[in-house]
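Look at the sequence and the structure below before reading on. The text then goes through them part by part.

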Amino acid sequence: MSFSLKHRYISLAWQNLLLALVHFFAAWMSLQFAFIQRNVTPLWLPSGIALALVTLKGRRMLPGIALGTLLAMILTQAPLTFIVGAVVSNVLEASVGAYLLKRIAELRLDLGRIRDVAWLIIFGGFIATALS
């Protein structure tokens, strides 16, 4: 393995670790709004973070999302099936949302067009979150 390839993998690992920590902290903040059960909340802040990073950096950020969600759900002491479902749904939400925004809507990241904002609301705000 060449030095540059090794450096790229190490950099990607650090990026995913940082994303996992940010995702975990955002999940912890969201779980503070849980009022019926400890693991169900009306507001899930990590969704926007995950969608933004997968849209910007690609699928290589999905492990960080999975790890951050896993750590947050372990803290809630939820059943294992709920934890696995939460991890899968968070990863699926970000990957499907990013796919729809990039491939179907052909989103421009500067959001300079009204249609870009509309597609972001429709695909990122409604359709991707409905999967979760």
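This is a predicted model: local features need pLDDT of at least 70, side-chain atom pairs count only at pLDDT 80 or more; totals for chains, interfaces and linings use all residues.

Two packed helices are described by the angle between their axes and the distance between the axes. Here the pair is helix α3, residues 62-75, and helix α4, residues 80-104. The angle at which α3 and α4 pack is about 150°, and their axes are 9 Å apart. The crossing of the two is right-handed. On the α3 side, the contact is made by Leu-62, Ile-65, Ala-66, Thr-69, Leu-70, Met-73 and Ile-74. On the α4 side, Phe-82, Ile-83, Ala-86, Val-87, Asn-90, Val-91, Ala-94 and Ser-95 take part. Sorted by class, this contact has 12 nonpolar and three polar residues, and no charged ones.

Asn-16 is found in helix α1, which covers residues 3-31. Leaving aside residues up to four places away in sequence, Asn-16 touches Arg-60, Met-61, Leu-62, Pro-63 and Gly-64. Is Asn-16 buried or exposed? Its relative accessibility is 9%, so Asn-16 counts as buried, the cut-off being under 20%.

Further along helix α4 is Val-96. Val-96 counts as partly exposed because its relative accessibility is 25%, and buried means under 20%. From Val-96 to Pro-42 there are 54 residues in sequence and 21 Å in space, taken C-alpha to C-alpha.

The C-alpha atoms of Phe-33 and Trp-44 are 9.2 Å apart, and the two residues are 11 apart in sequence. At 46% relative accessibility, Phe-33 is partly exposed.

The next topic is open space. Rolling a probe the size of a water molecule over the atoms shows where empty space is left. The second largest pocket has a volume of about 180 Å³. Which helix gives the most to the lining of this pocket? Helix α2, residues 46-57, does, with five residues. The part of the lining within that range consists of Gly-48, Leu-51, Ala-52, Thr-55 and Leu-56. The lining also includes Leu-101, Leu-107, Arg-108, Leu-109, Leu-111 and Leu-120. By class, eight of the lining residues are nonpolar, two are polar and one is charged.

Leu-111, one of these lining residues, belongs to the loop between α4 and α5. Leu-111 is not a glycine, yet its phi is positive, at about 55°. With a relative accessible area of 35%, Leu-111 is partly exposed.

Glu-106 is placed in the loop between α4 and α5 as well, where α5 covers residues 114-131. Its phi is near 50°, a positive value in a residue other than glycine. Why does Glu-106 count as exposed? The relative accessibility of Glu-106 is 52%, and exposed means over 50%.

Terms used
Residues are numbered from 1 along each chain as its sequence is written. Side-chain values use heavy atoms; hydrogens and water are left out. On a 1 Å grid over the protein atoms alone, a cavity is a set of points where a 1.4 Å probe fits but cannot get out, and a pocket is an open set with protein on both sides within 12 Å along at least five of seven lines; lining residues have an atom within 4 Å of a point. Grid points are joined across faces, edges and corners, and a volume is the space filled by probe spheres set on the points. Helices (H or I, at least four residues) and strands (E, at least two) are DSSP runs, numbered from the N terminus. Ala, Val, Leu, Ile, Met, Phe, Trp, Tyr, Cys and Pro count as nonpolar, Asp, Glu, Lys and Arg as charged, and the others, Gly among them, as polar. Axes are lines fitted to C-alpha atoms, for helices over the stretch in contact, and angles run from 0 to 180 degrees between N-to-C directions. A crossing is left-handed if the near helix is turned anticlockwise from the far one by less than a right angle, and right-handed if clockwise. Contact means heavy atoms within 4.5 Å. Buried means under 20% relative accessible area, exposed over 50%, partly exposed in between (1.4 Å probe, protein chains only).
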